[in-house]
Amino acid sequence: MSQVPFDSRSLSAQSAQETRRSARMLGGMREAALGGGGKAAATVPRQIIQDSWRRALDLGVDPDNGSHNGMLTADEIEQRRRRTPLVEVMPALRDGLVSVADEARHIMVVTDPEGRVLWRDGSVAVRKSADRLGFAEGASWAEDTVGTNAIGTALVAGRPVQVHQAEHFVRELHQWTCAAAPLHDPRDGRLLGAVDVSGPAATVHPAMLSLVTAVTKVAEGELRSRHWAAVDRLRSVAAPLLARMSGRAAVVDPNGWTAAVTGMPAVERITLPASPSAGPTWVPSLGLCTLEPLPGGWLVRVRDEAEDRTPAGRVVLDVSRPRTWSITVSGGAGGWSQELSPRHAELLFVLALHRAGRSAAELAGDLFGDTTRTVTVRAELSRLRRTLSGVLDHRPYRFADGVEVELLRPAHPADLLPHSAAPAVRAARFS
């Protein structure tokens, strides 16, 4: 008997009787998946749920009660709140979600990138129920703690997720439905955490995932507006400073976004080292520079004696972790590291596999399964080559001759770039 993919996202619009029937169906799928060798279910869960169940099994999560790893103290929670940009957008998140969550007998939860609950609000009755599950401020809701759930799975997959009843890996969560979306810092693409609405499955609203996703985008938009306002303030400092200078120089904010330049073409962003410090520094797109601190940013002076922009020698591409990926370039003129976006991690992984190079059409097939999507590929590689000057070549696209490339993969092949649906990545997980 063929297996039919089952999509539980429409369950919330069904009658109570249908919801109970669907819960039994989900439970049967879960038992078949976790039972190991038993009778196969007639239906299978969505791919994102299957992948998450497999990760939870590999991590050794207890399918009955989870593998709780302790709570943060009140002081630790407060320290994490003060350090995260999420604190700047909590009013927007509360305005958009708390009243809806309260009315639907749900709670709103905001976590950090590790899945630790930093804020929780909404229905008092549901908060008490959540307390009994350990779903409280300071708790970890990552997949390695409680398996498949909207928060942990959204953080790994890098996209909004709704998890309904027995789609949860841990049995004691089967009466709940949760919808979560990851929230990123628009200044550098860094994952800040997840925004979630959770509650009893019987009261979930069919539009909850769409609402959570929309409110998360509003919060990211507010962070973006605050960012550009800060760049404008830095520009007022930069203009008179650069007017008195000769040679090539730029003033950038802490994330490399350009406020002003002199002696060279304007660029939107200059890639700084992961932890910049004052003094001589290799800047990928400019060569050897001198960094000088400014209020709210850096003065970047290009050193005339270092016109060769090739940083040399060795590249380490690290895709061994589930949520963050990086590239480290080193050589005689210095070195630097930079975190990668999901798309750039995919592209560089494919190029690391194919050292002889790939055409734009081949890369489009590798990433999208569609060889006609060359415009998207060329645009992404143009951005990458601005950052990796001297490291990436083209015609075909490849790592430059003479560059040593080390690829760091996860210990378990199935954990490779878990967010990715790229054909080349999916094939590599099982090769």
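**A short tour of one chain**

Let's start at Arg-395, which counts as exposed because its relative accessibility is 77% (exposed means over 50%, buried under 20%, partly exposed in between, with a 1.4 Å probe and protein chains only). Before we go on: this is a predicted model, where local features need pLDDT of at least 70, side-chain atom pairs need 80 or more, and totals for chains, interfaces and linings use all residues. Residues are numbered from 1 along each chain as its sequence is written, and side-chain values use heavy atoms, without hydrogens or water.

Back to Arg-395, then. You'll find Arg-395 in the loop between strand 16 and strand 17 (helices, H or I, of at least four residues and strands, E, of at least two are DSSP runs numbered from the N terminus). The phi angle of Arg-395 is near 60°, which is positive although the residue is not glycine. Now step along to Pro-396, in that loop between strand 16 (392–393) and strand 17 (398–399). The peptide bond leading from Arg-395 to Pro-396 is cis, with omega near 0°.

Gln-165 belongs to the loop between strand 5 and strand 6. Is Gln-165 buried or exposed? With 7% relative accessibility, Gln-165 counts as buried.

Staying with burial, please find helix 7, residues 150–157. How many of the residues of helix 7 are buried? Eight of its eight, so this helix is mostly covered. Among them are Ile-151, Leu-155 and Val-156. The buried residues of helix 7 pack against helix 2 (47–59), strand 3 (107–111), helix 6, strand 5 (161–164), strand 6 and strand 7 (191–200).

Next, two helix pairs. The axes of helix 4 (residues 86–103) and helix 8 (residues 208–243) come within 9 Å and cross at roughly 160° (axes are fitted to C-alpha atoms, over the stretch in contact, with angles from 0 to 180 degrees between N-to-C directions). That angle makes helix 4 roughly antiparallel to helix 8 (over 145 degrees; under 35 is roughly parallel, 65 to 115 roughly perpendicular, the rest oblique). On the helix 4 side, the contact (heavy atoms within 4.5 Å) includes Val-89, Leu-93 and Leu-97, while helix 8 brings residues including Leu-211, Val-215 and Leu-223.

For the other pair, the axes of helix 9 (residues 342–353) and helix 11 (residues 374–387) come within 11 Å and cross at roughly 85°. These two helices are therefore roughly perpendicular to each other. Their contact involves Arg-343, His-344, Leu-347, Leu-348 and Leu-351 of helix 9, with Glu-380, Leu-381, Arg-383 and Leu-384 of helix 11.

Finally, the rings! A search of the whole structure finds three aromatic pairs (Phe, Tyr or six-membered Trp rings with centres within 6.5 Å; planes under 30 degrees apart are stacked, over 60 edge-to-face, the rest tilted). Phe-135 and Trp-176 are edge-to-face, because their ring centres are 6.3 Å apart and their planes stand at 65°. Phe-135 sits in the loop between helix 5 (124–133) and helix 6 (143–146), and Trp-176 in strand 6 (residues 176–184), so the pair ties together parts 41 residues apart in sequence. Both of these residues are buried. Another edge-to-face pair is Trp-228 with Trp-257, at 5.5 Å centre to centre and 70° between the planes. Trp-228 counts as partly exposed at 33% relative accessibility, whereas Trp-257 is buried at 11%.
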